[in-house]
Amino acid sequence: MSGMGSHQSAKAIKDEWLTPPEIIKALGCFDLDPCAPVSRPWDTAKHHFTIEDDGLSKEWFGRVWLNPPYGKQTGIWLDRLVNHGNGIALIFARTETRMFFDYVWSKADEILFLKGRLFFHHSNGQKAKFSGGAPSCLIAYGGGNVRSLRTSGLEGKYINIEEKAASKIDKIF
Ligand SMILES: C[S@@+](CC[C@H](N)C(=O)[O-])C[C@H]1O[C@@H](n2cnc3c(N)ncnc32)[C@H](O)[C@@H]1O
C-alpha cells in the first residue's frame, strides 16, 4: 500500500483515505456526508452518498461533512459546499492554490489549521502507517460551524476570515 504522500502525485490518486474518527466526533453530529466510502467502517453523518450514488448529482441537505475526493475534483466539491452554506470541509492546507483562493480565502467563515499531520484511515478502518503528505485544515461555512470548530478542542490555529477583514479595515480608518 502506498503512503499518503503518493496520493499527492498525478500517478497515484487514491480516494479512500478516511478521516480520523476523533476529528468528526469533536465536531458534532452531521446530517450528510456526500462522499463516503461504499463500505465504511463507521458513520460520518446521519446520511451518506457514495460514488455509486454520485454525491455531486444529489441534493445536499442539513449540516454537511466534507472530506472530498482528491485532485482537481476537490474544487468542485468545495464549490458545492460554498453554495450549500452549511458544513465543514477537511482539505490539505495548500493555501497558495487557486482552489484555496476561490473557495476558502474568499468564501469560508473560519479555518482551523490543524497542528501536526493527520493519520488517515484505510477503508477497513485501519489507521495508515504514515501521516498525510501535507498539513490539513478544517474549513467552516456557516455560523454554527464556526462555533463547532471553536468548541471542538482540536489543536491548531484558528483564523476567522471576517474578523481578519474587519480588523484590517479598522486600522485603515
Ligand atoms: C477522502 S475520502 C473521504 C471519505 C469520508 N468522507 C471521510 O471523511 O472519511 C473521499 C471519498 O469520496 C468517495 N467518492 C469519490 N467520488 C464520489 C462521488 N462521485 N460521489 C460520492 N462519493 C464519492 C470515495 O469513494 C471516498 O470514499
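Thr-74 counts as buried, at 8% relative accessibility (buried means under 20% relative accessible area, exposed over 50% and partly exposed in between, with a 1.4 Å probe and protein chains only). The model here is predicted, so local features need pLDDT of at least 70 and side-chain atom pairs count only at pLDDT 80 or more, while totals for chains, interfaces and linings use all residues. Residues are numbered from 1 along each chain as its sequence is written, and side-chain values use heavy atoms, leaving out hydrogens and water.

Thr-74 sits in helix 2 (helices are DSSP runs of H or I with at least four residues, numbered from the N terminus). Leaving aside residues up to four places away in sequence, Thr-74 touches Pro-68, Pro-69, Ile-91 and Met-99, a contact being heavy atoms within 4.5 Å.

Met-99 brings in helix 3, residues 98-105, whose buried residues are Met-99, Phe-100, Tyr-103 and Val-104. These cover an arc of only 105° around the axis, so they lie on the same side of helix 3 (the arc is taken from the directions from the helix axis to the C-beta atoms). As a rule, an α-helix has 3.6 residues a turn, so residues three or four places apart point the same way.

How do the two helices meet? Thr-74, Gly-75, Leu-78, Asp-79 and Val-82 of helix 2 meet Met-99, Tyr-103 and Val-104 of helix 3. By class, this contact has 5 nonpolar, 2 polar and 1 charged residues (Ala, Val, Leu, Ile, Met, Phe, Trp, Tyr, Cys and Pro count as nonpolar, Asp, Glu, Lys and Arg as charged, and the others, Gly among them, as polar).
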